[in-house]
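This report covers pockets, a cavity and helix packing. The sequence and structure come before the details.

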Amino acid sequence: MSNNKLNVLLTRPLNKSQQLAKVIAPIVSNIEITPLFAYQSGEQQPSLKQQLSNLNPEFIIFISPAAANFALQVTDFSEQLKNTTFIAVGQASANILIAHDIKNVIVPELETSEGLLALSELQNIANKQVLIIRGNGGRELLKQQLELKQAKVAYNEVYKRQWITLTAKQTIDKWRKDEINCIVITSSELLEKTLSLITDMNWAKSCHWIVASARIAEQANAHGLIKVINAQGASHQHIYKAMTALI
């Protein structure tokens, strides 16, 4: 472990946070993992295989690694491999698909909804069937913009976030005691949840906030946070690279 004084808070589900912790451990002083939510199967997950058969989509878009993992629990997509274009919002999601023999997965350079919408494959898609596999909630931008291009878009929310009830002793009191000075945020929902647990905005403003996109950075700035760094992606590699700017 390095001798710098970067004390990092990770709040994603335990397994995801532990994976990221292994990556950043060599460059930070301390890592506190406080999962604020866990993943659970979504109500639509059991219907995915039948939905694929009914829609026969030309495009399947995976919004996150969790979306890929929960989808693969109920289907191997073998019937879609020949006639479907598989798209993942990030390389981490693509890697999961590739590991299950789903090859030629397209990943946008900018790993966001805006990056997906810039893909050449998604420009002329009138009357094409698109299935977006994601968790519950989240942005509607992708679906709305694809529908403006006259695509036929459906969702399957294969998982959902289950927020964990935590006390101040388990969160903000511990974070201050541990002298946390860097917080990693990978979604708008996670930013709002984390801020809801912080009663001292002066402390929040003293921390560095590494966020996954320009949109989340703007959201953080709107809350008065100053030390915000856009990692331009939620992958471990993006976050690691952003963190190196602080040491």
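## Second largest pocket

P13, N15, K16, Q19, Y39, P65, A66, N69, F70 and I96 line the second largest pocket. Helix 1 and helix 3 (65–72) are the elements that each give two or more residues to this lining, and helix 3 gives the most, with four residues. Helices (H or I, at least four residues) and strands (E, at least two) are DSSP runs, numbered from the N terminus. The space in the second largest pocket is about 160 Å³.

By class, six nonpolar, three polar and one charged residues make up the lining of the second largest pocket. Ala, Val, Leu, Ile, Met, Phe, Trp, Tyr, Cys and Pro count as nonpolar, Asp, Glu, Lys and Arg as charged, and the others, Gly among them, as polar.

## Model and terms

The model is predicted: local features need pLDDT of at least 70, side-chain atom pairs count only at pLDDT 80 or more, and totals for chains, interfaces and linings use all residues. Residues are numbered from 1 along each chain as its sequence is written, and side-chain values use heavy atoms, with hydrogens and water left out.

On a 1 Å grid over the protein atoms alone, a cavity is a set of points where a 1.4 Å probe fits but cannot get out; a pocket is an open set with protein on both sides within 12 Å along at least five of seven lines, and lining residues have an atom within 4 Å of a point. Grid points are joined across faces, edges and corners, and a volume is the space filled by probe spheres set on the points.

## Largest pocket

The largest pocket holds about 1000 Å³ of space. Its lining has 48 residues, of which I63, S64, V89, T186 and A234 are the closest to its centre. Helix 4 (residues 91–99) supplies the largest share of the lining, four residues. Divided by class, the lining has 16 nonpolar, 22 polar and ten charged residues.

## Cavity

There is one cavity of 30 Å³ or more in the structure. The largest cavity contains about 50 Å³ of space and is lined by L10, T11, R12, K16, S17, L20, V184 and H236. Helix 1 (residues 14–24) contributes the largest share of this lining, three residues. The classes are three nonpolar, three polar and two charged.

## Packing of helix 3 and helix 4

The axes of helix 3 and helix 4 are 8 Å apart, and the two pack at an angle of about 20 degrees. This makes helix 3 roughly parallel to helix 4. Axes are lines fitted to C-alpha atoms, for helices over the stretch in contact, and angles run from 0 to 180 degrees between N-to-C directions; angles under 35 degrees count as roughly parallel, over 145 as roughly antiparallel, 65 to 115 as roughly perpendicular and the rest as oblique.

Helix 3 and helix 4 have a right-handed crossing (left-handed if the near helix is turned anticlockwise from the far one by less than a right angle, right-handed if clockwise). P65, A68, N69 and L72 of helix 3 make the contact with A92, S93, I96 and L97 of helix 4, where contact means heavy atoms within 4.5 Å. The residues of this contact are six nonpolar, two polar and no charged.

## Packing of helix 8 and helix 10

Helix 8 (residues 188–196) and helix 10 (residues 214–222) have axes that come within 10 Å and cross at roughly 25 degrees. Helix 8 and helix 10 are therefore roughly parallel, and their crossing is right-handed.

From helix 8, S188, L191 and E192 meet R215, I216, Q219 and A220 in helix 10. The residues of this contact divide into three nonpolar, two polar and two charged.
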